[in-house]
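Thank you all for coming.

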Amino acid sequence: MDFKKRLEQAVKRGTQLNASRAEAEAQKALDEQEFQRLHSQYRLELSERIEKCLRQLGDQFPGFRFETIVGEKGWGAAVSRDDLQIRRGMGRTNYFSRLEMVIRPINEYHVLDLAAKGTVRNRELFNRAHYQPLGEVDMATFRERVDLWVLEYAELYAARG
C-alpha cells in the first residue's frame, strides 16, 4: 500500500474518531439532563413527604416550629423547639431539640441522597443518610426511611422530653 492510501485511511480514522467522540459527548449531555430530571422528580416527591411527616410530628408535640429548607444543604424541612427549665438553686437551663431532613443536591456521583439529623435536649442522637444511584432509585424505600426516621425521632423525644 502506498503512502497516499495510508494517509487517506489515517485521515478517515481520525474523522471517525472525532465523530464518535462528539457523539459520546452529546450522549453524556443527554444523560446529564436525564439525571437532573430524575433528581428533580424524586426530590419533589420526597420533599412533600418530609414536610407532611414533620408537620404531623409538630402537631403531636406542641411547641415545635416548622420550617422549609431550600438551599445549598438541599430541599426538605425541619422542626425545632427551645425549652427552658428553671430549678430552684440550679438556675435555668435552655434545651434545644430539632429534626431536619433534606434531599441533598445532585452531585457528580448521580445519587439520590436523603439525610436526617436529630437533636433532643441539646444532644445529637442520630445522623442518618440513605442514598441510591438515580437510575436504580426505589421510591418506596425512601418514603419508608422518611417515615421510620420521623417515628424514631418521636420516640426518642418522648423518652427524653
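Let me begin with a term: a polar contact is a pair of N or O atoms within 3.5 Å, where, within protein, one must be able to donate a hydrogen and the other to accept it, and where residues adjacent in sequence count only if both atoms are side-chain atoms. What you are looking at is a predicted model, in which local features need pLDDT of at least 70 and side-chain atom pairs count only at pLDDT 80 or more, while totals for chains, interfaces and linings use all residues. Residues are numbered from 1 along each chain as its sequence is written, and side-chain values use heavy atoms, with hydrogens and water left out.

With that term in hand, please find His-39, where a polar atom of the side chain lies 3.1 Å from the backbone oxygen of Arg-104. His-39 belongs to helix α1, residues 3-60; helices (H or I, at least four residues) and strands (E, at least two) are DSSP runs, numbered from the N terminus. Is His-39 buried or exposed? His-39 is buried, because its relative accessible area is 3%, and here buried means under 20% relative accessible area, exposed over 50%, and partly exposed in between, with a 1.4 Å probe and protein chains only. Leaving aside neighbours within four places in sequence, His-39 is in contact with several residues, among them Trp-75, Arg-104 and Leu-134, where contact means heavy atoms within 4.5 Å.

His-39 also leads us to His-110, which is 71 residues apart from it along the chain, with 8.3 Å between the C-alpha atoms. His-110 lies in the loop between β3 and β4, and it has a positive phi of about 55 degrees although it is not a glycine. Arg-121, in the loop between β4 and β5, likewise has a positive phi, of about 50 degrees, without being a glycine. As background, most residues other than glycine have a negative phi. His-110 counts as buried because its relative accessibility is 16%, whereas Arg-121, at 24%, is partly exposed.

Now to the sheet, which is open and built from five strands in the order β1-β2-β3-β4-β5, with antiparallel pairing; two strands pair if DSSP finds at least two bridges between them. At its edges are β1 (65-71) and β5 (123-133), each of which pairs on one side only. Seven bridges join β1 to β2, residues 74-87, and Ile-69 stands opposite Gly-76 in β2.

Across β2, β3, β4 and β5 lies helix α2, residues 139-160, running at about 175 degrees to β5; axes are lines fitted to C-alpha atoms, for helices over the stretch in contact, and angles run from 0 to 180 degrees between N-to-C directions.

Finally, the aromatic rings: a search of the whole structure finds five aromatic pairs, where rings of Phe, Tyr and Trp (its six-membered ring) pair if their centres lie within 6.5 Å, and planes under 30 degrees apart count as stacked, over 60 as edge-to-face and the rest as tilted. Phe-126 and Tyr-153 form an edge-to-face pair, 6.4 Å centre to centre with 75 degrees between the planes, and this pair links strand β5 with helix α2, 27 residues apart. Tyr-153 and Tyr-157 are stacked, because their centres are 6.3 Å apart and their planes are at 20 degrees. Both of these tyrosines, Tyr-153 and Tyr-157, are buried. Ring pairs link Phe-61, Phe-64, Phe-126, Tyr-153 and Tyr-157 into a cluster.
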